[in-house]
Amino acid sequence: MIGRWFSSAPPRINEAEREDFPVMAELHALSFAREWSEDEIASLMAGDGVFSLVTRRAAPTASRQPIGFVMVRAVADEAEILTIAVHPRWRGRGHGQLLMEAAMRRLYADRVLNVFLEVDGDNESARQLYERLGFKVVGERKGYYAGTGKNGGPSTALVMRREMTPPQRPRKGGVGAENA
């Protein structure tokens, strides 16, 4: 009974820490043809407006290593999902969606109005995830991803955007102030 509780506990999502960078680089390498080194991740994370969230297994006896991460850059009222990666063994279990939802909640609280991302047009599962989260295709970059398309040729990057509606600021004077 206790084992079932531990295995069904929702994953933990936390801010990425410096000691997570090597595993984040490994996860990226397992997910994309263009790998990012630990140094590249550290350099990106040092940039203004960049944050990263990691997902970890929740069981107290489980490894604390990340099994997935999302990296985001926000500037003014716009943000870009720089990358998202989940270990192949953990894909299809909702970790990517949980990471994206956590990132979107943070961006919403920060009053970001538009979130952009690029996705390989041939990556059907990623496209479906982003569409479920409210992203819409707003452009494309033909031949953007080298060697990832069908038949080993270049594939098209779809540029997707989600419009966010920030919470309303309270009006001065509170409720009914417009009648005063």
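## Basis of the description

A residue is called buried when its relative accessible area is under 20%, exposed when that area is over 50%, and partly exposed in between, using a 1.4 Å probe and protein chains only. Helices (H or I, at least four residues) and strands (E, at least two) are DSSP runs, numbered from the N terminus.

The model is predicted: local features need pLDDT of at least 70, side-chain atom pairs count only at pLDDT 80 or more, and totals for chains, interfaces and linings use all residues. Residues are numbered from 1 along each chain as its sequence is written, and side-chain values use heavy atoms, with hydrogens and water left out.

Helix H5 spans residues 124-132, and its buried residues are Ala126, Leu129 and Tyr130. These residues cover an arc of only 95 degrees around the axis, which puts them on the same side of H5; the arc is that of the directions from the helix axis to the C-beta atoms. An α-helix has 3.6 residues a turn, so residues three or four places apart point the same way. The face of H5 turned away from the buried side carries the exposed residues Ser125 and Arg132.

The buried residues of H5 pack against two strands that flank helix H4 in the numbering of the elements, E4 (78-86) and E5 (114-120), against H4 (95-109) itself, and against strand E7 (155-163). Contact here means heavy atoms within 4.5 Å. After H5 comes glycine 134, with a positive phi near 95 degrees.

## Packing of H4 with H5

Two packed helices are described by the angle between their axes and the distance between the axes. Axes are lines fitted to C-alpha atoms, for helices over the stretch in contact, and angles run from 0 to 180 degrees between N-to-C directions. For H4 and H5 the angle is about 40 degrees and the axes are 11 Å apart. The two helices are therefore oblique to each other; angles under 35 degrees count as roughly parallel, over 145 as roughly antiparallel, 65 to 115 as roughly perpendicular and the rest as oblique.

The crossing of H4 and H5 is right-handed, a term used if the near helix is turned clockwise from the far one by less than a right angle, with left-handed used if anticlockwise. On the H4 side the contact involves Gly96, Gln97 and Met100, which meet Leu129, Tyr130 and Arg132 in H5. By class, this contact has three nonpolar, two polar and one charged residues. Ala, Val, Leu, Ile, Met, Phe, Trp, Tyr, Cys and Pro count as nonpolar, Asp, Glu, Lys and Arg as charged, and the others, Gly among them, as polar.

## Packing of H2 with H3

The axes of H2 and H3 come within 8 Å and cross at roughly 110 degrees. That makes H2 roughly perpendicular to H3. The crossing is right-handed. Phe21, Pro22, Met24 and Ala25 in H2 meet Glu38, Ile41, Ala42 and Met45 in H3, and the residues of this contact divide into seven nonpolar, no polar and one charged.

Arginine 34 is placed in the loop between H2 (21-31) and H3 (38-45). Leaving out residues up to four places away in sequence, arginine 34 touches His28 and Glu40. Its C-alpha atom is separated by 9.1 Å from that of tyrosine 145, 111 residues apart along the chain.

Phenylalanine 69 is in strand E3 and counts as buried, at 0% relative accessibility. Beyond neighbours within four places in sequence, its contacts include Met24, Leu27, His28, Thr83 and Leu99. Phenylalanine 69 and histidine 95, 26 residues apart in sequence, are 8.9 Å apart in space, C-alpha to C-alpha.

Threonine 83 lies in strand E4 and is also buried, at 6% relative accessibility. Not counting residues up to four places away in sequence, threonine 83 touches His28, Phe32, Trp36, Phe69, Val70 and Met71.

## Positive phi outside glycine

Alanine 76 is not a glycine, yet has a positive phi of about 55 degrees. Alanine 76 is in the loop between strand E3 (68-75) and E4 and is exposed, with a relative accessible area of 73%.

Arginine 111, likewise a residue other than glycine, has a positive phi near 65 degrees. Arginine 111 lies in the loop between H4 and E5 and is partly exposed, with a relative accessible area of 27%.
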